[in-house]
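These are my notebook entries on one protein chain.

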Amino acid sequence: MPGSGSSPCAACKLLRRRCAKDCVFAPHFPPQEPQKFAYVHKIFGASNINKMLQELPFHQRGDAVSSIVYEAKARLRDPVYGCVGAISSLQQQVAQLQSQLAVAQAQNLCMRMHQAAMASTIVANTEVSPLDSAESSDENQQYKHVTSGFEPFGIAEALLS
Ligand SMILES: [Zn+2]
């Protein structure tokens, strides 16, 4: 239907001009969606959009129109920040989620170190029976020394602070 003549594209209709066969707007602003061109015309102006599209190869114009329409709508909705408002609120969300992730990772590390400490305490307590010789009770002392020097919560707290 673009530039077919019978029905002008949304741009030409709004600009009250004849829609030529090679109209640059026609492939992207069909008459069924008049608001799309109204938004971008109000924010950027028809001649600027025309120039922007002319400077691009045809296969990129569709994406350019989508982003221009998005920007124009955002600017109409939020005259102060436009789409920058959406970008900065998403950046804040990313920062919040990153700090939540860091806390969760530190808690996970803390739990794993706690489990490791428990496991080595159980090994130390079960490997030596009361009937063992003095030699193996020295070994038991070594285990106790290793496990008592192990402070998983101190490390995890340092990570959390
Ligand atoms: Zn047209």
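I took helices (H or I, at least four residues) and strands (E, at least two) as DSSP runs, numbered from the N terminus. I worked on a predicted model, in which local features need pLDDT of at least 70 and side-chain atom pairs count only at pLDDT 80 or more, while totals for chains, interfaces and linings use all residues. Residues are numbered from 1 along each chain as its sequence is written.

Entry on the fold. I read the order of elements from the N terminus as α-α-α-α-α-α-α, with seven helices and zero strands. I called a residue buried if 20 or more other C-beta atoms, placed from the backbone, lie within 10 Å of its own, exposed if 12 or fewer, and partly exposed in between. Of the 161 residues, 14% are buried.

Entry on Arginine 16. I located this residue in the loop between helix H1 (10-15) and helix H2 (34-44). Arginine 16 has a positive phi of about 50 degrees, although it is not a glycine. I noted Arginine 16 as exposed because it has 7 other C-beta atoms within 10 Å.

Entry on H2 and H4. I found H2 packed on helix H4 (residues 58-77) at an angle of about 70 degrees, with the axes 9 Å apart; axes are lines fitted to C-alpha atoms, for helices over the stretch in contact, and angles run from 0 to 180 degrees between N-to-C directions. H2 is therefore roughly perpendicular to H4, a term for angles of 65 to 115 degrees.

Note on methods: Parallel < 35°, antiparallel > 145°, perpendicular 65-115°, else oblique.
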